[in-house]
Amino acid sequence: MSTVGVVTGAGRGMGLECARRITSMVDTLLLVDRDETTATAAAAELSERGDAMVHPYVLDITDVDGLDRLATRVGESGSLRAVAHVAGISPTMADWKTIFAVDLIGTARIAAALRPLTVPGTAWVAFASMAPVIGGVQVGAATAAILDDPLSEHFFERIHESVGAGIEHPGAAYAIAKLGVKQFVRREAVRLGPLGGRICSVSPGLIDTPQGRQEAADNPRMGAWVEQTPVGRLGRAEEVAAVAAFVLSDEASFLSGVDLLVDGGVCAAVGRAQ
């Protein structure tokens, strides 16, 4: 059967770089992005490589009905082989509820939509962040349990009650939401395993992308972190994509339920200094 790949946030940055690598893994690749212009341009560029049939797919990952339509499209196109869920937003882009809705709840929703399509060999990578690591974010058992149930009808009320008003700070919401993504991946690995599937998360550090530059302009600590990075520079989108591609490859067939920190060593350096 023809194999299918899905990349979200595929129009630019790390999503586009992941898509470049996944074209050689599948027969059909769907580039999911809410920006039709960038998704279409990316599909046109990657189609020229001739490795796979590449199609743009315009979708906001918070659209539940749209995710169901995506699942139908995948099922009609072939066997689900690879998913790189890169789409997400960062602290300068939205309020705390929107950050959770996109970064954590969106991850759970796309997984729920595509999970029934899992076959032996299906592999996922979901993008988390170094934010909870470098920020030393820890949550108690009650908050962790709430993060484990992001599709709960009363999720926002529960997480606000558990964490307190501090959750309304976009930076705090982002770090906790990304911590939730890593927790979700561990639980999802247990669900996918019996179906023959795998999932890991990747946590990028300071990466030179348009979104990363936007965050750096608003967060003076990021400049200091770059100076502390043992590798001595910002990361590149293609370096993160290389790790994601390995996770999705058959060479990583015994890798599931873990997070891979791709940060040039900055979390190690900052942790040592603290």
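Colleague: To begin with, what percentage of the 274 residues in the chain do buried residues make up? And how do the salt bridges look in that setting?

Modeller: The model is predicted. Buried residues account for 50% of the 274 residues in the chain.

The chain folds into 12 helices and seven strands. Its radius of gyration is 18 Å, close to the 19 Å given by the globule rule for 274 residues, so the chain is as compact as a globular protein of that length. The C-alpha trace spans about 50 × 40 × 35 Å along its principal axes. Taking contacts between residues at least 6 apart in sequence, 76% join residues at least 24 apart. The accessible surface is about 12,100 Å², and carbon and sulfur atoms hold 52% of that area.

As for charge, there are 23 positive and 32 negative side chains, and the centres of the two sets lie 4 Å apart. The structure holds 13 salt bridges, and three of them can be taken in turn, among them the pair E188 and R191.

E188 and R191 come together with N and O 2.7 Å apart. Both residues belong to helix 8, which covers residues 170-192, and they sit three residues apart, about one turn of the helix. The two ends of this bridge fall into separate accessibility classes. E188 has a relative accessible area of 1%, so it counts as buried, the limit being under 20%. R191, with 33%, is partly exposed.

The bridge between R233 and E239 has an N to O distance of 2.6 Å. R233 is partly exposed, with a relative accessibility of 34%, and E239 is also partly exposed, with 26%. This pair is part of a network of salt bridges that links R233, R236, E238 and E239.

The bridge between D51 and R49 has its closest N and O atoms 3.6 Å apart. That pair still counts as a salt bridge because the cut-off is within 4 Å. D51 is partly exposed at 40% relative accessibility, and R49 is partly exposed at 43%.

To put the accessibility values together: R233 and E239 are partly exposed, and D51 and R49 are partly exposed as well.

Conventions
Residues are numbered from 1 along each chain as its sequence is written. This is a predicted model: local features need pLDDT of at least 70, side-chain atom pairs count only at pLDDT 80 or more; totals for chains, interfaces and linings use all residues. Side-chain values use heavy atoms; hydrogens and water are left out. A salt bridge is a side-chain nitrogen of Lys or Arg within 4 Å of a carboxyl oxygen of Asp or Glu. Buried means under 20% relative accessible area, exposed over 50%, partly exposed in between (1.4 Å probe, protein chains only). Helices (H or I, at least four residues) and strands (E, at least two) are DSSP runs, numbered from the N terminus. The radius of gyration is taken over C-alpha atoms; the globule rule is 2.2 Å times the number of residues to the power 0.38. Contact means heavy atoms within 4.5 Å. Accessible areas come from the Shrake-Rupley method with a 1.4 Å probe; for residues, only the protein chains shown count as cover. Lys and Arg count as positive and Asp and Glu as negative; His and the chain ends are not counted. The place of a charge is taken as NZ of Lys, CZ of Arg, CG of Asp or CD of Glu.
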